[in-house]
Amino acid sequence: YTTLFRSMQEIKFNHVTFKYPDSNKVLIDNQSFVLPTNKWISIVGHNGSGKSTVVRLLNGLLQPSKGKILIGDLEVNEQHLETVHKLVGMVFQNPENQFVGSTVAEDVAFGLENYNIDPKKMPTIIKRALKSVGMTDYEDSLIADLSGGQKQRIAIAGVLAVKPKIIIFDEATSMLDPVGRESIMRLLEALHRDGGYTIIMITHDLNEAELADHILILDQGKVVANDVTRKVLSNRQLLRQLQLTPAAGEQIKEKLIHAGIKVPQEYMTTGEMVQWLKQKLN
C-alpha cells in the first residue's frame, strides 16, 4: 500500500453528505473539497461544526450518506476498509481510549499483532516507534504510571508502529496541561519535518493551527475556508465572523497597531512576532 500511496497527491471529498440514519440533523452538508497530502493540515471549527465527522469519514469509521471520498484513486468504502485503515492512523483526544496493554511495549505491540507482523520483528519496530516519540526508556513501564503527555506519546507510538501515511490527531492536546501540550506540538513538528506523513490535526486553538501548512475551517457542516494557513488566518473578517480567537502573535500585533506602532502588514506567526519584537528592542 506504500507504493499505492506514492501516487496519491490529494484527498477528495465529492458532494459528501453525512447524517446518522436515525437523525434529521445533517452533520456534513453536500460538501466538496480537496486536501493536499504530505502536508500538515489543521481542521478548525467550533464544537458541532463537523470536524470529527470529516476525519471519521476519511478513515472509514463512518460511511457517507451521499457522495464519495477518495485518497488518491482509492475510494474510502467498505470494500477498501482494510487498506484505508493501514493508510490512515488516528490518535484520539483521550489516550486512555486507545490502550489495551498494561505496559508500554505490550500496547505498542497490539497494533502490530493486528497486522500480523512477524513477532521476531516486533521488538525492533517497538523500539523505533518509542524512539520517534522520545519514550525509549519507558518500554517496560506501566501505562497507569505515566503522565497525560507521556500517555499521549505512547498512543502516537502505537500509531507510528504500523506505519500509516496519514495520521489524524483528534484534539489530541485538549486534555493536556500546558507543558504536555507544548511537548506534543513539538513532537508533531518533528514528525512533520522528518517523517513524510500527512498530518491532520483537529483543533479549535489557532495557536496550534498556525503551525500547519494548510487549514480547513468548518462551520455547521459546511466548509468556509480551505487554503494555505497564512491566507486563511490573515482573513480577520472571517475569523471575527466565526468568533475564532486569533493566535497570540496576531493579538500582539493588533495591540501594537492600537498603540500607534507600525508593524508589518502580512500575517505573522507567534514565533515571527516574537522575533520581530526582539529585533525592535535591540
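# Sheets and helices: questions and answers

User: Leaving aside neighbours within four places in sequence, which residues is Phe-13 in contact with?
Analyst: Contact means heavy atoms within 4.5 Å. With neighbours within four places in sequence set aside, the contacts of Phe-13 are Gln-31, Ser-32, Phe-33, Val-54, Leu-57, Leu-58, Lys-68 and Ile-69.

User: What pLDDT do local features need in this predicted model?
Analyst: Residues are numbered from 1 along each chain as its sequence is written, and side-chain values use heavy atoms, with hydrogens and water left out. This is a predicted model in which totals for chains, interfaces and linings use all residues, side-chain atom pairs count only at pLDDT 80 or more, and local features need pLDDT of at least 70.

User: Is Phe-13 buried or exposed?
Analyst: Phe-13 has its place in strand β1; strands (E, at least two residues) and helices (H or I, at least four) are DSSP runs, numbered from the N terminus. Buried means under 20% relative accessible area, exposed over 50%, and partly exposed in between, with a 1.4 Å probe and protein chains only. The relative accessible area of Phe-13 is 1%, so Phe-13 is buried.

User: Is His-15 buried or exposed?
Analyst: His-15 also belongs to strand β1. Although not a glycine, His-15 has a positive phi of about 45 degrees. Its relative accessible area is 51%, so His-15 is exposed.

User: What is the order of the strands in the open sheet of four?
Analyst: Two strands pair if DSSP finds at least two bridges between them. Strands β1 (residues 10-18) and β4 (residues 66-71) run antiparallel and are joined by five bridges, with Ile-11 opposite Ile-71 in β4. At the edges are β2 (28-36) and β5 (74-75), each pairing on one side only. The pairing in this open sheet is antiparallel, and its order is β2-β1-β4-β5.

User: At about what angle does α2 run to β1?
Analyst: Axes are lines fitted to C-alpha atoms, for helices over the stretch in contact, and angles run from 0 to 180 degrees between N-to-C directions. Helix α2 lies across β1, β2 and β4, and its angle to β1 is about 115 degrees.

User: Which residues does Thr-53 touch, not counting those up to four places away in sequence?
Analyst: Thr-53 is part of helix α2. Its relative accessible area is 11%, so Thr-53 is buried. Not counting residues up to four places away in sequence, Thr-53 touches Phe-18, Leu-27, Ile-28 and Leu-62.

User: How do the strands pair in the open sheet of six?
Analyst: This open sheet has the order β6-β7-β8-β3-β9-β10, with mixed pairing. Its edge strands, each pairing on one side only, are β6 (88-91) and β10 (222-228). From one strand to the next, the twist averages 15 degrees. As for how the strands pair overall, the pairing is mixed.

User: What is the bridge partner of Asp-170 in β8?
Analyst: Strand β7 (residues 166-170) runs parallel to strand β8 (residues 198-203), and five bridges join the two. The partner of Asp-170 in β8 is Ile-202.

User: What is the bridge partner of Val-91 in β7?
Analyst: Val-88 and Met-90 point one way from β6, Gly-89 and Val-91 point the other way, and all are buried. Strands β6 and β7 run parallel and are joined by four bridges. In β7, Val-91 is partnered by Phe-169.

User: At roughly what angle do the axes of α5 and α6 cross?
Analyst: Two packed helices are described by the angle and the distance between their axes. The axes of α5 (residues 122-132) and α6 (residues 148-161) come within 8 Å, and their crossing angle is roughly 130 degrees.

User: Which α5 and α6 residues meet?
Analyst: The passage of α5 by α6 is a right-handed crossing (left-handed if the near helix is turned anticlockwise from the far one by less than a right angle, right-handed if clockwise). The residues that meet are Ile-125, Ala-129, Leu-130 and Ser-132 in α5, and Ile-154, Ala-157, Leu-160 and Ala-161 in α6.

User: Is Gln-243 buried or exposed?
Analyst: Gln-243 sits in the loop between α10 (236-241) and α11 (248-258). Gln-243 is not a glycine, yet has a positive phi of about 55 degrees. Its relative accessibility is 65%, so Gln-243 counts as exposed.
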